[in-house]
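Colleague: Could you take a close look at one part of this model for me? I would like to hear about the aromatic side chains and what surrounds them.

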Amino acid sequence: NKYERYIEEIDNCKNRLWEDYETTFDNALPNVIEIKNQNDVSREISKLKAEIKNIGLVNPDAVEEYREVSERFEFLTNQRNDIVKAKTDLEKVIADLIEEMKLKFTEQFNIINENFKVVFEDLFNGGAAEIVLENADDVLNCAIEIKAQPPGKKLQNLTLLSGGERCLTAIALLFAILQLRPSPFVILDEVEAALDDVNVSRFTDFVRRYCIRSQFIIVTHRKGTMEACDRMYGVTMQERGISKILSMRLGDN
């Protein structure tokens, strides 16, 4: 009879509602709207189905995948922010260190320059010298020019001096640095090799005066330097292939 057919049709609609939309009649009931024109509704349904079809296949795991990707994205974003912050902090530390280095270098450079002037005049028995930064705005990267004026000559670049003058100027700069940071132990390897006898004597006199601050070991072949030493060590080969070290104490100390 008709009643049974209607009941069966209602059950079929409920089953389709669950199979197609995974919802029950009771859950769908609050969303029921009145249909005034069934044809218009049918066309709207067909249109919506076509749009859904154009979307393509639906990934049933999309929500879970989105959650996992979202968590991963948030984790990586936090890590990136930490790295960016660390980078910014590190750049600030580096900038502060560079400024401190500039100030410290300039301060120490000026002291060495003053020491250099005094030591140069002492070693050369007159004259003048200085070290100059080529770019005062970039003290950590610019070149340093050494200017020297031995007695009786004009002020000029180090490269224009004679070999002996360059050697004695380099020694003056070395001792200017040592005066800034005295070392308890200094080794000099033939630093006076290019000097004449007069300048060797000046060099040894200066070293002996400086011995109250540091102990010197000088590798040399110059007799004038050897004569000024307190102790002398030499290497000889009395037999072929056999070296022997000899020592000699000079002076009263």
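Modeller: Phe105 is partly exposed, as its relative accessible area is 28%, and that label covers values between the cut-offs for buried (under 20%) and exposed (over 50%), found with a 1.4 Å probe and protein chains only. Phe109, at 9% relative accessibility, counts as buried. Both residues lie in helix 4 (residues 62-124), four residues apart, or about one turn of the helix; helices here are DSSP runs of H or I with at least four residues, strands are E runs of at least two, and both are numbered from the N terminus.

A word on the ground rules: this is a predicted model, where local features need pLDDT of at least 70 and side-chain atom pairs count only at pLDDT 80 or more, while totals for chains, interfaces and linings use all residues. Residues are numbered from 1 along each chain as its sequence is written, and side-chain values use heavy atoms, leaving out hydrogens and water.

Now to the rings themselves. Rings of Phe, Tyr and Trp (its six-membered ring) pair if their centres lie within 6.5 Å; planes under 30 degrees apart count as stacked, over 60 as edge-to-face and the rest as tilted. By this rule there are eight aromatic pairs. One of them joins Phe105 and Phe109, which are stacked at 5.8 Å centre to centre with 25° between the planes.

Further along, Phe116 and Phe120 are also four residues apart in helix 4, about one turn of the helix. Phe116 and Phe120 form an edge-to-face pair, with 6.1 Å between centres and 65° between planes. Both Phe116 and Phe120 are buried.

Asn115 counts as buried because its relative accessible area is 15%. Setting aside neighbours within four places in sequence, Asn115 is in contact (heavy atoms within 4.5 Å) with Ala176, Gln179 and Leu180.

Elsewhere, ring pairs link Phe175, Phe206, Tyr210 and Phe216 into a cluster.
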